[in-house]
Amino acid sequence: MKLRQLLLLIGLLFAKPVFSQEILPVYSDYLSDNYFLLHPSMAGAASCAKLRMTARQQWFGQEDAPALQTLSFNGSLSEKDGMGIILINDKNGYHSQKGMRLAYAHHIMFSRDNIDLNQLSFGINAGFAQSLLDETDFLINNPTYDPIIDGTIVQKASYFNMDIGASYNYLDFYAHLTVKNAVANARRLYTDREPTNLRRLIYNMGYTFGDAETIQWEPSFMLQHVFQTKETALDLNIKAYKNLEFGKLWGGISYRTSLDGADYIEGVAVNNQKMQYITPILGVNYKSFMLSYTYSHLMGNVKFDDGGFHQITLGMNLFCKPEKYHCNCPAVN
């Protein structure tokens, strides 16, 4: 095995117990008109109920490469209340996880009239998941004796966690703040000393401007911070929307970088590399249907494979109400 791949593998092995307890990983799929995946306060905030299905696949051609599927639905219960549900199926080699999140949001309107958007929302969700570690092939692929590996069992562990957050939508501006894993219980799938402090702070902010008859632009960013490991990452995004006769065509690009780096050895030199990847996205809305595709390309010298991460999102808008707000606010109108 090449030294680069070995160092990356060691890093993944140490990182896995820390992050695998998070029910839903934080990728770039929120840009496919689905901020609800990150922020429970967006449940029922839009004029339509939203049904979204996503499928994400990493490293085509690699056996047992990571794959994630989600099914989400959120809609309004009343003028002030919303609800939502997310189903998750996540697999990564010998590890797999199935989970569900239930969300509730309350919306407070400060508008002077019915056409001005000025809404503050609070949300909470509770998540339940079961993690599996399949050890049945361990001794076949690696006959070296290890006293903590049985080699004949599939270990299981169930756990619970909770997210809390808030959103503010004012005309063409929006901001979201969520603490993921604000409350979490111990899992103990790998060892008896797995960390329970898995809190992650996520902050999104953006603004939409332009002419609906030509092109609308939406610059935004996302900042996320993991308290246990002190890691911080930043997304810089730009999207464009174009109204057409059959619906709406939109696309954009996202750049994610960590604000922390890791040292690695190349030859006799010690270099430092930050996590960086770029994600173009393309989508189309036709009547009540939505289809989008994203591709994430990892940059840097140290990476497991040159193949990227592919994701397809299918969506349907249901029970739509007339768009009442006079604003460039695609997540709400």
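Leaving aside its neighbours within four places in sequence, with which residues is K91 in contact? In this predicted model, K91 is in contact with D64, A65, P66, A67 and S96. The residue belongs to strand β3 and is partly exposed, its relative accessible area being 38%. A polar atom of the K91 side chain lies 2.9 Å from the backbone oxygen of G93. Q69 is 22 residues from K91 in sequence, and the two C-alpha atoms are 9.1 Å apart in space.

**Overall architecture**

The protein chain contains 2 helices and 15 strands. Of its 333 residues, 42% are buried. Among contacts with a sequence separation of 6 or more, 57% are between residues 24 or more positions apart. The chain exposes about 17000 Å², and carbon and sulfur atoms supply 63% of that area.

**Nonpolar cores**

The largest nonpolar core has 14 residues, of which Y30, Y35, L38 and M222 touch the most other members. Apart from it lies another core, of 10 residues, including Y27, F36, A43 and L68. When residues up to four places away in sequence are not counted, Y35 touches Y30, M42, Y174, H176, N204, E218 and S220.

S121 lies in strand β5, which spans residues 118–134. Is S121 buried or exposed? S121 counts as buried because its relative accessibility is 0%. Its side chain makes a polar contact of 2.7 Å with the side chain of H107. Beyond residues up to four places away in sequence, S121 touches S41, H106, H107, G165, A166 and S167.

**Salt bridges**

The salt bridges in the model number 7.

| Pair | N to O distance |
|---|---|
| K50 and D33 | 2.9 Å |
| E79 and K324 | 3.8 Å |
| D235 and R256 | 2.6 Å |

The side chains of K50 and D33 meet in a salt bridge. This pair links distant parts of the chain, 17 residues apart: K50 is in strand β1 (residues 49–58), and D33 is in the loop between α1 (3–19) and β1. K50 is buried, with a relative accessible area of 9%.

A salt bridge also joins the side chains of E79 and K324. E79 lies in the loop between β2 (67–76) and β3, and K324 in the segment after β15, so this pair ties together parts that are 245 residues apart in sequence. E79 is exposed, with a relative accessible area of 56%, whereas K324 counts as partly exposed at 35% relative accessibility.

In another salt bridge, the side chains of D235 and R256 meet. D235 is in strand β11 and R256 in strand β12 (residues 247–266), so that distant parts of the chain, 21 residues apart, are linked. D235 counts as buried at 0% relative accessibility, and R256 is buried with a relative accessible area of 3%. Salt bridges that share partners join D33, K50 and R52 into one network.

**A nonpolar patch on the surface**

Which residues form the nonpolar patch on the surface? The patch is formed by M53, L71, L87, L291, Y293, I312 and L314, which together have about 580 Å² of accessible area. Strands β14 (289–299) and β15 (309–318) each supply at least two of its residues. L87 lies in strand β3, residues 81–92, and is partly exposed, with a relative accessible area of 37%.

**Backbone angles**

Most residues other than glycine have a negative phi. N181 has a positive phi, near 60 degrees. This residue is found in strand β7 (residues 173–184), and N181 is buried, with a relative accessible area of 3%. K230 also has a positive phi, near 65 degrees. K230 is placed in the loop between β10 (216–226) and β11 (231–243). Is K230 buried or exposed? At 58% relative accessibility, K230 counts as exposed, because the cut-off for that class is over 50%.

Definitions and conventions:
Residues are numbered from 1 along each chain as its sequence is written. This is a predicted model: local features need pLDDT of at least 70, side-chain atom pairs count only at pLDDT 80 or more; totals for chains, interfaces and linings use all residues. Side-chain values use heavy atoms; hydrogens and water are left out. Helices (H or I, at least four residues) and strands (E, at least two) are DSSP runs, numbered from the N terminus. Buried means under 20% relative accessible area, exposed over 50%, partly exposed in between (1.4 Å probe, protein chains only). A polar contact is a pair of N or O atoms within 3.5 Å; within protein, one must be able to donate a hydrogen and the other to accept it, and residues adjacent in sequence count only if both atoms are side-chain atoms. Contact means heavy atoms within 4.5 Å. Patches are made of residues with over 30% relative accessible area and no salt bridge: like charges are joined within 9 Å, nonpolar side chains (Val, Leu, Ile, Met, Phe, Trp, Tyr) within 5 Å. Accessible areas come from the Shrake-Rupley method with a 1.4 Å probe; for residues, only the protein chains shown count as cover. A salt bridge is a side-chain nitrogen of Lys or Arg within 4 Å of a carboxyl oxygen of Asp or Glu. A nonpolar core is a set of buried Ala, Val, Leu, Ile, Met, Phe, Trp, Tyr and Cys residues joined through side-chain atoms within 4.5 Å.
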